[in-house]
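Below are some notes for a colleague who has not looked at this structure before. Please read them with the model open.

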Amino acid sequence: MPESSRSELDDVAIVFDSIRPRLFGIAYRMLGSASEAEDVVQDAWLRWQTYDRSKVERPVAFLSTTTTRLAINAVQSARARRETYIGPWLPEPVDTSADPALGAERGEALSFAVLLLLEKLSPTERAAYVLRESFEYPYRQIADTIEVSEANARQLVTRARKHIAAGSSASVSTEDHRRLLAAFVDAAQNGDLAGLTALFAEDVVSSSDGGGVKDVLAARISVEGDVRVAKFVAAFSSHFWTAATITWVQANGAPAIVLAREGIPYTLLTIAPTPAGIAQLHWVMNPSKLGAF
């Protein structure tokens with residue numbers, strides 16, 4: 001390869017690598033899957049390599065737009081796949097210990113609870129919300145990115161905000177979050193039915209994502225209600241936690257635990273805490289989703 005071509009390719013890679021965390025952050029929030037987000041970012045990289053970059057005045061804007069549009073297309077195909085997913089689908093957790101906001105100006109739209117709410121939005125609503133709430137893009141840029149008018153971009157963000165707000169509960173501090181999760185782990189290990197019930201919000205929901213993988217004993221339906229969830233958790237306390245090594249991690253910007261046996265993770269557990277107690281339990285048990293931990 002001529003020296004000039006090698007130098008140009010190096011410059012292309014430097015520009016891309018400088019914005020890569022943001023591109024991944026956009027794609028991940030759109031898709032709720034680290035592996036699918038990586039595919040989108042890789043596709044954006046290939047397009048950046050082959051594009052006539054002399055026509056690009058603002059590489060950051062160009063790459064953000066390219067990634068967002070690729071993610072919108074990926075959302076549409078992901079929805080079709082998730083219609084045949086076995087059991088509840090949960091996002092693929094990401095390790096945010098090094099980058100709590102995951103490439104964004106703000107750590108918005110990273111929690112499991114919000115990612116699950118985003119799943120119910122249209123692809124363009126999702127894109128508008130992510131670009132505005134997590135990356136603070138101006139409405140004009142959002143409009144150009146998703147190819148709508150500025151007024152329509154504002155409407156999309158407003159609708160998405162209302163949907164997220166309607167499905168969300170009041171938040172708690174990180175300390176209270178960790179305290180609730182630690183208390184849950186203690187009660188769950190001991191099969192303490194009364195202790196578990198006391199920790200839950202009345203309408204708590206427990207969802208387990210095993211992906212239909214053989215030998216992964218994940219519930220195929222979500223369990224709802226404080227008493228029912230307490231009985232469900234207590235019922236498997238005698239074997240689920242046996243010989244488990246419990247490691248505290250930061251997943252999606254919040255405290256979580258990873259359970260492993262002989263060094264092999266078999267579950268990541270995270271919760272959605274509220275002032276009224278734990279509102280959601282998320283058990284990620286699909287082995288393909290535990291790679292980050």
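Predicted model: local features only at pLDDT ≥ 70, side-chain atom pairs only at ≥ 80, totals over all residues.

1. Helix 7, length. Helix 7 covers residues 150-167, which makes 18 residues. From first C-alpha to last, helix 7 reaches 26 Å, close to the 26 Å expected at 1.5 Å a residue.

2. Which residues of helix 7 are buried? They are Ala153, Leu156, Val157, Ala160 and Ile164. Viewed down the axis of helix 7, these buried residues fall within an arc of 95 degrees, so they line one face of the helix. In an α-helix there are 3.6 residues a turn, so residues three or four places apart point the same way. Lys162, Ala165 and Ala166, on the other side of helix 7, are exposed. The cover over the buried residues of helix 7 includes helix 4 (112-118), helix 5 (123-133) and helix 6 (139-146).

3. Helix 6. Of the eight residues of helix 6, six are buried, so this helix is largely enclosed by the rest of the structure. The buried residues are Tyr139, Gln141, Ile142, Ala143, Thr145 and Ile146. They pack against helix 3 (59-82), helix 5 and helix 7. After helix 6 comes Glu147, which has a positive phi, near 60 degrees.

4. Largest pocket. The largest pocket holds about 1200 Å³ of space. Its lining is made up of 47 residues, and those nearest the centre are Ser111, Phe112, Ala113, Val114 and Ala272. By class, the lining of this pocket has 26 nonpolar, 16 polar and five charged residues. Elements that each supply at least two residues of the lining include helix 4, helix 7 and helix 8 (174-189). Strand 1 (200-209), strand 3 (245-251), strand 4 (254-261), strand 5 (264-274) and strand 6 (277-284) are also among the elements that each supply at least two.

5. Second largest pocket. The volume of the second largest pocket is about 430 Å³. It is lined by 19 residues, with Val216, Leu217, Phe240, Tyr266 and Met285 the closest to its centre. Two or more lining residues come from helix 11 (237-240) and from strand 5. Strand 5 gives the largest share of this lining, four residues. The classes in the lining of the second largest pocket are 14 nonpolar, three polar and two charged residues.

6. Cavity. How many cavities of 30 Å³ or more does a search of the whole structure find? The search finds one. The volume of the largest cavity is about 50 Å³. Residues that line this cavity include Ile86, Gly87 and Pro88, together with Ser208, Gly210, Gly211 and Gly212. Val213, Val216, Ala218, Ala219 and Arg220 are also among its lining residues. By class, the lining of the largest cavity divides into six nonpolar, five polar and one charged.

7. Asp215 lies in the loop between strand 1 and strand 2 (223-224). Its phi is near 75 degrees, a positive value in a residue other than glycine. Asp215 has 70% relative accessibility and so counts as exposed. Glu262 lies in the loop between strand 4 and strand 5. Phi of Glu262 is near 55 degrees, again a positive value in a residue other than glycine. With 82% relative accessibility, Glu262 counts as exposed.

8. Glu119. Is Glu119 buried or exposed? At 17% relative accessibility, Glu119 counts as buried. Glu119 is found in the loop between helix 4 and helix 5. Not counting residues up to four places away in sequence, Glu119 touches Leu31, Arg79, Arg82, Trp89 and Arg126.

9. Leu102. The loop between helix 3 and helix 4 holds Leu102. Leu102 is buried, with a relative accessible area of 9%. Leaving aside neighbours within four places in sequence, Leu102 is in contact with Pro21, Phe24, Gly25, Tyr28, Arg29, Val94, Thr96 and Leu110. Leu102 and Ile26 are 76 residues apart in sequence, and C-alpha to C-alpha they are 9.0 Å apart in space.

Key. Residues numbered from 1 in each chain as written. Heavy atoms only, no water. Expected span 1.5 Å × (residues − 1). Buried < 20%, exposed > 50% of the residue type's maximum accessible area, 1.4 Å probe, protein only. Arc of directions from axis to C-beta. Contact = heavy atoms within 4.5 Å. 1 Å grid on protein atoms, 1.4 Å probe; cavity = no way out; pocket = protein on both sides within 12 Å on 5 of 7 lines; lining within 4 Å. Points joined across faces, edges and corners; volume = space filled by probe spheres on them. Nonpolar A, V, L, I, M, F, W, Y, C, P; charged D, E, K, R; others polar.
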